[in-house]
Amino acid sequence: MHLDLFAPINLGGLTLANRMVMAPMTRNRADTDGCVPPLMVEHYRQRATAGLIVAESTTVSPQAVGYPFTPGLHTAAQAESWRRLTDAVHEEGGRIFVQLQHCGRVSHPSLLDGQAPVAPSALAPAGQAVTHTGPQDFMTPRALDAGELPDVVDQFRRAAELAKQGGFDGIEVHAGNGYLIDQFLRDGTNHRTDAYGGSAANRMRLVNEVLDAVCEQWPAERVGVRLTPENGFNSMADSDPQGHFEYFLGQLSPRGLAYVHVLEGGMATTAVSLDYRALRSGSPARTSPTTATTSPEPERWCTRGMPTWSPSVRRSSPTRTLSAATARTSRSPQPTPPRTTAAGRPAIRTTRSTGPTEARHASSSEAADRCGPAGYGEPAPERLRQRYVIAIVSGPDEQCSPYTECSAGQLNCSLTN
Ligand SMILES: Cc1cc2nc3c(=O)[nH]c(=O)nc-3n(C[C@H](O)[C@H](O)[C@H](O)COP(=O)(O)O)c2cc1C
């Protein structure tokens, strides 16, 4: 069966120009107020030929921050700064959702005005937080009291509202990668004995409340949710990921969300042990497309492929030479020593990847850029092929392999499954 990557598809009443979706990817380029600077505007403008961009994790409150220089959506100034970016993407014919995030225990008091990070249970992740003064050991988080959870839900509600002011086309709730909502979902990190812990239904309560809240601001068909059932990143674990996530997806299905964005496997490994076909059978089924299009409504995303170097995804230019402007926001080919603080300690860890054509064009100023993927670690070498597609949107009648990838050489082809 052929899936034409370049065929338009309808997503919640939006026509996406193609089936390629750029993954949310933290760049640590926001200013200290969590506002979007011109460099971010340019970065996303250059990538607007993807059918849809899911913008990087964006914090829903000061309590939600877990990394330096990440953008936010909890002040009017932040929303205003996002507006310049979304305008730029729209000018290029692109569409953009924003990923709303609360980092929970994956944080550090130095990022939280001295407050302890919060979590479902007082369990620290292994490893170190990325802070403004370099890596620092994670501390044991403070377990959230049930009475505080309505405020957490409200943080997402307000951010969803500000996302409209910021000019986004929709939102994605980040319920994966070991951040707060994932910490509630998985029983390795949720040891609560109240209504938010114990059974799968209880562990799902927070994400359900968040989705209810954001769907007061947005139609469900403009709301996505990200799940990462077996991602061990941030010390995550679960006693029965297959069973639990089948349950979660079954419960999400009637909501009629735009999509469920599932990371198959983990971020640090290509190994996959869950049966994603079985999981997908529980993903949201849309019975009535909202607008007439040539393509059926998308109901599942297959995600592999990291768009570290995002392309111009036009059918006519499967291989391309980067413009100078693109090169400035692409990645450097060489590992760069971490910048050091005045005290000589490593500052934000800067991960560099090797290989892609684009890398050869990266300017030397890039090496000094603070845009390293803080906290995400060194990508494994086998994952550094030039990959352009993070997600391929398929409709209910189309098959999409969990491992479908699209390399530069394939970009002018239909994809065969
Ligand atoms: C530098 C970097 C930043 C990332 N930032 C985010 C993020 O903000 N939100 C998110 O959900 N995933 C984030 N991810 C995960 C990616 O979206 C993707 O799921 C991950 O790289 C696994 O895909 P891959 O195996 O194809 O690379 C990030 C990954 C990297 C390497």
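Before anything else, my cut-offs: I call a residue buried if 20 or more other C-beta atoms lie within 10 Å of its own, exposed if 12 or fewer, and partly exposed in between, with C-beta atoms placed from the backbone. Helices (H or I, at least four residues) and strands (E, at least two) are DSSP runs, numbered from the N terminus. Residues are numbered from 1 along each chain as its sequence is written. This is a predicted model, where local features need pLDDT of at least 70, side-chain atom pairs count only at pLDDT 80 or more, and totals for chains, interfaces and linings use all residues.

**Entry 1: helix H2**

I started with H2, residues 76–91. I listed its buried residues as Gln78, Ala79, Ser81, Trp82, Leu85, Thr86, Ala88 and Val89. They pack against helix H1 (38–46), strand S5 (52–59), S6 and H3; here a contact is two residues whose C-beta atoms, placed from the backbone, lie within 7 Å. I checked the length too: the 16 residues of H2 reach 22 Å from first C-alpha to last, close to the 22 Å expected at 1.5 Å a residue, where the expected span is 1.5 Å times one less than the number of residues. After H2 comes Gly93, with a positive phi near 85°.

**Entry 2: helix H3**

Next I went to H3, residues 149–165. Its 17 residues should span 24 Å at 1.5 Å a residue, and the end C-alpha atoms are 25 Å apart, which agrees. Buried here are Val152, Val153, Gln155, Phe156, Arg157, Ala159, Ala160, Leu162 and Ala163. Their cover includes H2, strand S6 (96–101), strand S11 (170–174) and helix H6 (205–217). Gly167 follows H3, and its phi is positive, near 85°.

**Entry 3: H3 against H6**

How do H3 and H6 pack? I get an angle of about 35°, with the axes 8 Å apart; axes are lines fitted to C-alpha atoms, for helices over the stretch in contact, and angles run from 0 to 180 degrees between N-to-C directions. From H3 the contact uses Leu149, Val153, Phe156, Arg157, Ala160, Glu161 and Lys164, and from H6 it uses Leu206, Glu209, Val210, Ala213, Val214, Glu216 and Gln217.

**Entry 4: the core**

I then looked at the largest nonpolar core, which has 76 residues. Such a core is a set of buried Ala, Val, Leu, Ile, Met, Phe, Trp, Tyr and Cys residues joined through C-beta atoms within 7 Å. Ile53, Phe156, Ile171, Val173, Val210 and Val214 touch the most other members. Leaving out residues up to four places away in sequence, Val214 touches Phe156, Arg157, Ala160, Ile171, Val173 and Val223.

Most residues other than glycine have a negative phi. I noted Asn177 with a positive phi of about 55°, in the loop between S11 and helix H4 (180–185). Asn234 has a positive phi of about 65° and lies in the loop between strand S12 (223–227) and helix H7 (241–252). Is Asn234 buried or exposed? Asn234 is buried, with 24 other C-beta atoms within 10 Å.

**Entry 5: the whole chain and its confidence**

I count 10 helices and 16 strands, and 51% of the 417 residues are buried. The mean pLDDT (the predictor's confidence in each residue, from 0 to 100) is 75, and 67% of residues reach 70 or more. Over residues 284–313 the pLDDT is below 50, though this stretch has 105 contacts in the model beyond near neighbours in sequence. Where pLDDT is low, the predicted coordinates should not be read in detail.
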